[in-house]
Every structure is written in C-alpha cells, then in structure tokens.
Amino acid sequence: MPTPLVVSDVAKSFTMHLRDGIRLPVVANVSFSIKAGECAVLGGPSGAGKSSILKMVYGNYAVDRGQIIVPYRDRLVDVAAADPRTMLGIRRDMIGYVSQFLRTVPRVSALDVVAEPLIARGVDRKDARDKAGSLLAGLNLPERLWSLPPATFSGGEQQRVNIARGFITDHPILLLDEPTASLDAKNRDVVVSMIQQKKDTGVAMLGIFHDQDVREAVADRIVDVTAFSVPNGVAA
Amino acid sequence: MTELATYNFAYLDEQTKRMIRRAILKAIAIPGYQVPFASREMPMPYGWGTGGVQVTAAVIGPNDMLKVIDQGADDTTNAVSIRAFFQKVSNVRVTTKTTEATIIQTRHRIPETALQAGQTLVYQVPIPEPLRFLEPRETETRKMHALEEYGLMHVKLYEDIARHGRIATTYAYPVKVEGRYVMDPSPTPKFDNPKMHQSPALQLFGAGREKRIYAIPPYTEVVSLDFEDHPFEIQTFSEPCALCGAKGSYLDEVILDDKGGSMFVCSDTDFCEDRQAEGNGDHLSANPAQAAANPAEAAE
Amino acid sequence: MSDIPLLKVKALSKFYGSRIGCQNVAFELWPGEVLAVVGESGSGKTTLLDCLATRLAPSTGSVEYRMRDGQFRDLYRMSEAERRFLMRTDWGFVHQNPADGLRMSVSAGANVGERLMAVGDRHYGKIRATATDWLGRVEIAADRIDDQPRAFSGGMRQRLQIARNLVTNPRLIFMDEPTGGLDVSVQARLLDLLRGLVSDLGLAAIVVTHDLAVARLLSHRMMVMKDGHIVETGLTDRVLDDPQAPYTQLLVSSILQV
C-alpha cells in the first residue's frame with residue numbers, strides 16, 4: 001500500500017487584491033509524509049500556517065506550488081492540481097476532516113448531520129443513523145439533542161457533533177483541526193481513545209492540537225511548521 | 001329580382017369565395033387544423049354566425065338545398081334570418097328536412113338523423129381554439145398544435161374531475177381528429193360528439209371573428225378526449241321526448257308556466273316533427289308535471 | 001458518480017448586438033453534481049442559464065446533452081419538438097418567480113400532474129396519487145391538492161413549482177434564484193428541501209444565484225461570472241474560503257456576517 005499522504009515542497013500565500021495586490025506568504029517548502037496508522041501533529045505558534053496546511057490537503061485552499069499526493073482509485077492523485085470532481089471523490093472516499101467549527105445546515109438534525117457522510121457513500125440511511133447514534137452516545141451528547149439542528153448547541157456540543165461526523169466513516173486519511181478545543185476532560189479522553197482506535201485500524205492522521213495533554217497522548221510525531229515559515233514579504 | 005343593384009351570387013364576390021375555398025381545401029387536407037382566412041364583414045354582427053355564413057356562401061351552388069338550424073331548431077330567429085339571407089342572395093331552395101338538404105348550416109347541434117355521403121354540415125364557431133382558456137397566448141397554442149403538445153387539454157379534464165367528481169364539460173368537448181389535431185367541435189353538446197366520428201358527410205367549421213376555418217373530411221376518426229378511469233360518456237335523459245316519445249335524442253327543457261312546470265322535448269325540431277307525423281309520442285304532453293318531476297341531466 | 005458527463009458546454013457565447021451577454025463559457029456537468037453560477041445582476045449568469053436551458057439561442061458555441069440512450073446531442077441541432085420534450089421530461093426549470101413556472105389558475109394537483117399528462121399518462125387516479133405523493137415530498141398537505149397556487153404562500157408556491165418539475169424524474173434541473181424574494185426562514189426550509197431532493201434523486205443541477213450562502217449550501221462546484229466572463233471556477237468551499245480572482249475576493253468580502 002502506498003504512503004497515504006505525501007506533501008512535497010508545498011507553498012502557500014494569499015494575494016490580497018483588495019489591498020493593492022499585496023502578497024501575504026504563509027508557508028513554503030512544506031514537505032512531510034504520513035504512514036498508515038500514524039498520527040502526525042502540526043506544531044508551531046498561532047499564525048504559523050498549521051490550519052492552512054490542513055486546508056490545502058483537504059482542497060479547501062488553493063496551493064501555489066508543490067504536490068500533495070494521495071492514492072485514489074489505484075492511482076496517485078495530486079490534490080494541489082486535482083479538478084473539483086476528483087477532489088469531491090477524494091473527500092468522499094479518502095480524506096475525512098474534522099474542522100474547528102461546525103457549519104450547520106438549517107433544519108437538519110444532529111443525527112443526520114453525523115450520518116450524512118455515510119449516506120453519501122451509499123450506506124443505508126437507517127444503518128448510518130444507528131452508527132451516528134452510537135457515536136454521539138459515546139461522546140456523551142444527550143439523546144434529547146439528537147433530533148435538533150445543532151445551530152443552537154453550545155460550542156462543546158457542536159464540536160462533538162463535528163467529531164462524530166468526521167469519525168463516522170472509515171476514510172484512510174483523517175484531518176483534525178483542534179477537535180478537542182471546547183471539550184471538557186471527560187470528552188477529551190473519549191476523543192483520544194477514538195483517535196487511538198483509528199490508528200489501530202491504519203488510518204493516517206494529521207492534526208492540530210493546542211492542548212498539550214491530548215497532543216502527547218496521540219502524537220507519534222510533531223511536524224514543526226515554523227520550519228516552513230517564510231520571512232515576511234519575500235515569499236517565492 | 002327587379003332591384004337595380006343586385007348581389008353577386010351568394011353575396012360574396014368571386015375573389016373572396018376563391019380565397020375561402022382555398023382555406024377550406026387546406027382545412028380538408030389537414031383534418032382538425034385551424035386555417036387562417038381573411039374573414040369579411042358580413043351584414044350581421046359577429047357572434048351571429050358570420051363564419052358559418054361565409055363558409056356556406058363559398059360552397060353553395062344554385063342546385064343546392066339549404067337547411068339552417070340553431071340549437072337544433074329550424075324556426076329560431078337566427079336560423080330563419082340566415083335561411084332568408086341565402087334565399088335572397090343566392091335564390092337557392094331551402095328546406096327544414098335533414099334528409100333533403102345538401103348543405104346544413106348549424107349552431108350548437110348535429111341533426112339526430114344520420115347524415116349521408118354528399119351532405120355538408122357547416123358549423124358556426126365562436127372560439128376555435130380549444131387550448132385558449134388554459135393558454136391565452138396564441139403564439140404558444142399554435143406551437144402546441146404544431147408540436148402535438150396536448151397535455152394541457154387533459155389538465156382541463158383533470159380539473160373537472162377534481163372539482164366535480166366527473167368530467168363536467170358538457171359542450172365544446174375537445175376531440176382529437178385523425179389521431180393528430182385536438183379540435184374544438186364548437187359549442188355542440190358532447191351528446192353530438194360521437195356523430196362526428198366516421199361521418200359520411202363533410203363537416204366544415206367557420207369562425208368569423210377569429211378568422212379560422214377547419215374541417216373534418218368524410219369518414220374521419222374523431223375521438224373525444226378522456227381518462228382511462230373516467231371514460232367519455234354522453235348525456236342521457238331519464239324520460240323520452242314529451243312530444244314524439246323518442247328515446248336517445250337530445251332534449252331541451254321547455255318551461256310551460258310560472259309555477260315551474262316544464263317538459264322535455266327534442267331539440268331537433270325536424271326529427272321530432274317527423275316522428276310525430278309517423279304517429280309517435282304525444283303521451284306525455286298531456287301531463288307535463290310528470291316530466292318535470294324527473295328532471296333530466298342539465299345539458300349545459 | 002458516473003464517469004461520463006451529462007452536459008458538455010463548449011465556447012458558448014451570446015451577444016446582444018455589440019454587447020456581451022456571456023462569452024466563451026466552457027464546462028462539463030456530471031450526474032449528481034450541483035453547479036452554482038454566481039455573480040451580480042448583469043454579470044451574464046441568467047443569459048448563460050437561458051442559453052443552457054434552450055430558452056435563448058446562443059450566438060456561438062455548443063451545448064451537448066447526454067440523452068437517456070447514452071448518445072450526446074447538440075441541443076441547438078435538435079428539432080424544437082425534441083427540445084421541448086426534453087424540457088418537460090428529462091429537465092426541470094425552477095423560476096425565481098413561481099408564477100412564471102406554475103399555472104396559477106389550475107389546482108396544485110393539476111400543476112404537478114401536467115407533465116405526466118403531457119407524456120401520455122391517461123389514468124386520473126394514478127396521476128392524482130402521484131401528485132399527492134409529490135406534494136407530500138415538498139411538504140404541502142394533501143388536502144391542499146385541489147387549491148390553486150394563488151391561495152398559497154410564496155414558499156409553498158416555490159415548493160409546488162419544484163414538485164411540478166420533479167414529477168417526471170428529470171436528470172437535470174435549472175434553478176434561477178430559487179430562494180429569491182423569500183423570507184429567511186422560508187429560504188432555509190426550501191434550501192434544506194432542495195438539498196435533500198437533489199441528493200436523494202441524484203439530480204444534476206445548475207443554480208444561478210447572487211446569494212453566496214445559497215451557493216455554499218447547495219452546490220459542489222462554483223463558477224463566478226463578471227461582465228459575461230467566467231472569472232473563477234472551483235470547488236464551492238475553495239472558491240469561497242480562498243478566492244483567487246480580485247472580483248471573487250470582492251464578492252466574498254461583501255458578504256454580511258450575521
């Protein structure tokens with residue numbers, strides 16, 4: 001099996017056209033890879049570009065230069081250059097993403113928000129909802145909330161919905177953007193053990209964890225993002 | 001005729017007749033298709049049969065025998081006036097006998113006596129476009145005819161059933177002609193629709209105000225639109241004609257007094273009179289109250 | 001998702017005299033894919049939609065559609081009869097103003113049933129049963145089936161229009177500002193309904209909107225138009241979260257935050 005994720009010489013900057021086209025460099029020469037069953041954690045201070053790297057891997061941010069190689073349908077695909085349709089397929093089948101904030105959809109219940117990625121992959125609706133229920137139960141989300149849209153939930157409740165949604169599928173690659181930020185100690189431990197389970201099944205994970213305890217509990221390796229930083233204003 | 005000025009035979013000038021005949025030929029060639037024609041001003045108002053009169057004027061010859069009916073009757077104002085008009089402008093023979101006539105101009109009925117090969121039935125048409133009430137744009141209805149998009153016609157029938165539990169359209173009931181064009185049979189009762197099917201007579205339709213002519217050539221398939229679970233049905237009457245005792249003819253209600261007394265009699269006066277002359281009927285006319293107690297289904 | 005596109009648009013342009021409606025538009029659309037076309041009024045997005053949906057003949061270029069038999073046909077080389085048949089069977093068009101897409105003076109049931117009757121359905125009971133089913137799917141109570149859309153609220157009318165379009169199980173649906181003019185709460189319900197129907201039925205859709213929130217919620221992919229040209233395309237969340245073109249950045253930065 002090929003390495004699930006290879007990031008090679010990636011650079012990212014923002015061009016602010018509304019501010020006379022100034023370029024804000026974010027990262028350059030980003031190179032690392034993650035093996036199956038490994039959890040790599042991006043390290044570095046705020047603003048170093050950790051989130052940008054996650055978003056580039058997920059296809060959510062454009063990539064200036066370099067390659068992000070993911071195996072997809074018996075071939076290797078460069079996410080940095082993939083067309084939208086391929087990228088949608090990769091998201092459905094290869095890369096899962098737990099974002100920091102939940103983007104809620106009006107009127108869709110928490111249970112259906114969690115079940116949706118499974119249904120999108122063709123799993124029977126009832127089975128998907130059963131699995132969603134057991135994940136939410138494991139994360140201690142009160143059952144009376146399951147049928148409600150998460151828009152009005154507290155930050156911690158929304159985060160748990162988000163985690164369940166990200167963990168429900170068996171994507172070989174999982175991106176975790178501060179999944180435990182708003183959780184209490186008990187639920188942090190639940191997430192840590194969920195990450196451990198994913199590792200055991202061979203999922204390659206790339207995460208951002210500000211919480212040092214969690215980081216130490218899950219990280220096999222720290223990828224230091226400061227090594228990829230660009231001196232201000234001279235991005236190549 | 002001794003007047004100084006005389007009319008051209010059948011009122012219209014020969015050029016106009018040629019123009020109308022061309023339209024009629026085209027209409028016969030494309031059964032059910034509405035052919036535009038340059039409708040003329042006639043010495044009667046629109047709505048009084050100017051379309052039918054122009055068609056009759058274009059096809060009538062000196063040897064023809066003309067019958068004119070209005071709601072089945074030969075003796076109503078409209079029928080009498082049009083008959084007198086053609087007597088004056090073409091000097092043709094006129095009749096009230098369906099079997100004798102070569103041309104029958106009609107408003108709202110088809111005679112009960114089956115028509116024969118060689119006869120021509122001319123309908124006066126107020127609104128030729130069957131899709132009009134659902135789609136007011138003429139450009140769109142023409143396109144719908146051209147492309148055979150007739151789903152809308154069933155929408156109307158659907159609405160009937162949804163509202164009344166059955167197809168409540170009782171006159172101007174739409175038909176499909178020779179499997180192609182949907183056509184408005186003019187405001188004849190749907191009772192008469194089956195008579196149009198495979199008729200040996202030529203059927204011509206003239207709409208003066210709307211400037212359209214259409215036709216059903218002899219022996220043409222004419223099918224009334226319907227649903228599988230709500231098939232086309234004609235009106236039925238519970239009582240026979242109060243005058244001639246006919247069953248299965250189309251009846252009009254005639255009010256007899258101010259107390260609500262009425263009787264039902266054949267709308268086709270010629271048919272009714274023939275039957276009475278043959279010694280039928282007269283058994284109910286003595287007791288109209290009995291007929292009123294069994295009101296027939298309203299025709300319109 | 002199938003590997004063969006449903007729609008292939010090549011070098012499509014529409015000129016109004018010397019003015020540009022849209023110019024040199026090219027893209028492909030796959031089954032099950034929702035494409036949002038965004039831009040401000042006058043950007044050419046509605047012109048493009050009309051050219052795609054055979055409502056307006058383009059000046060140059062081609063639009064090819066994969067018919068149910070698998071053959072690609074150039075829409076503008078088809079006869080009008082074929083195009084119109086396609087429009088009312090395999091396609092749907094949801095207008096911004098429901099009155100443009102509904103018959104306001106016939107009942108809700110007949111509005112939904114019309115397409116069925118147009119393709120030859122002649123069984124009243126079955127047509128009515130199908131119409132009832134579809135009203136349910138768009139959350140209109142069954143006892144409103146004989147009411148005219150005049151008696152409906154804006155949101156209900158829009159849902160009725162959607163049912164009317166989907167009753168023949170189309171594969172491609174065009175939407176022109178489907179939530180325009182609706183209250184926010186009504187919009188949310190409609191968007192949710194559309195999202196569900198599109199994914200359940202595997203519909204491909206092209207949605208024209210100036211509302212980036214609608215685009216984010218409904219679409220997989222986005223095209224940004226300005227002055228008749230496409231200035232940016234890509235995954236919807238990529239375009240919105242990391243806009244590249246100056247105009248897209250302006251659009252995104254103009255969104256009001258709640």
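## A buried residue in chain A

Val218(A) is buried, with a relative accessible area of 1%. The model described here is a predicted one. The value for Val218(A) counts as buried because the cut-off is under 20% relative accessible area.

Val218(A) belongs to helix H7 of chain A, which covers residues 212-218. Leaving aside residues up to four places away in sequence, Val218(A) touches Cys39(A), Val192(A), Ile195(A), Lys199(A) and Phe209(A). Leu118(A) is 100 residues from Val218(A) along the chain, and the C-alpha atoms of the two are separated by 25 Å.

## Two domains in chain B

The domain assignment of chain B gives domain 1, residues 14-224, and domain 2, residues 251-298. Taken over C-alpha atoms, the centres of these two domains of chain B are separated by 28 Å. In the contact between them, domain 1 of chain B takes part with 14 residues and domain 2 of chain B with eight.

Between them, domain 1 and domain 2 of chain B bury about 820 Å², and 33% of this area is on carbon and sulfur atoms. On the side of domain 1 of chain B, the residues that lose the most area to domain 2 are Gly72(B), Lys97(B) and Glu112(B), which together make up 38% of what that side buries.

## Polar links between the domains

Two salt bridges are found across the interface of domain 1 and domain 2 of chain B. Lys97(B) and Asp274(B) meet through their side chains in a salt bridge, with an N to O distance of 3.0 Å. Seven residue pairs are in polar contact between the two domains of chain B, both residues of each pair being at pLDDT 80 or more. The side of domain 1 of chain B that touches domain 2 consists of seven charged, five polar and two nonpolar residues.

## The interface of chains B and C

The contact between chain B and chain C involves 21 residues of chain B and 22 residues of chain C. The size of an interface is often given as the accessible area lost when the parts come together. Chain B and chain C bury about 1,900 Å² between them, with 57% of it on carbon and sulfur atoms.

Five salt bridges are counted between chain B and chain C. Glu149(B) forms a salt bridge with Arg84(C), and their closest N and O atoms are 2.7 Å apart. The interface of chain B and chain C also has 12 residue pairs in polar contact, both residues at pLDDT 80 or more. Helix H4 (138-146) and helix H5 (151-164) of chain B each supply at least two residues of the side that touches chain C. H5(B) gives the most to that side, with nine residues. By class, the side of chain B that touches chain C has nine nonpolar, three polar and nine charged residues.

Note on methods. Residues are numbered from 1 along each chain as its sequence is written. Chains are lettered from A and ligands numbered from 1 in the order in which they are written. This is a predicted model: local features need pLDDT of at least 70, side-chain atom pairs count only at pLDDT 80 or more; totals for chains, interfaces and linings use all residues. Side-chain values use heavy atoms; hydrogens and water are left out. Domain bounds come from an automatic or database domain assignment. Contact means heavy atoms within 4.5 Å. Buried area is the accessible area (1.4 Å probe) that two parts lose on being put together, summed over both. A salt bridge is a side-chain nitrogen of Lys or Arg within 4 Å of a carboxyl oxygen of Asp or Glu. A polar contact is a pair of N or O atoms within 3.5 Å; within protein, one must be able to donate a hydrogen and the other to accept it, and residues adjacent in sequence count only if both atoms are side-chain atoms. Ala, Val, Leu, Ile, Met, Phe, Trp, Tyr, Cys and Pro count as nonpolar, Asp, Glu, Lys and Arg as charged, and the others, Gly among them, as polar. Helices (H or I, at least four residues) and strands (E, at least two) are DSSP runs, numbered from the N terminus. Buried means under 20% relative accessible area, exposed over 50%, partly exposed in between (1.4 Å probe, protein chains only).
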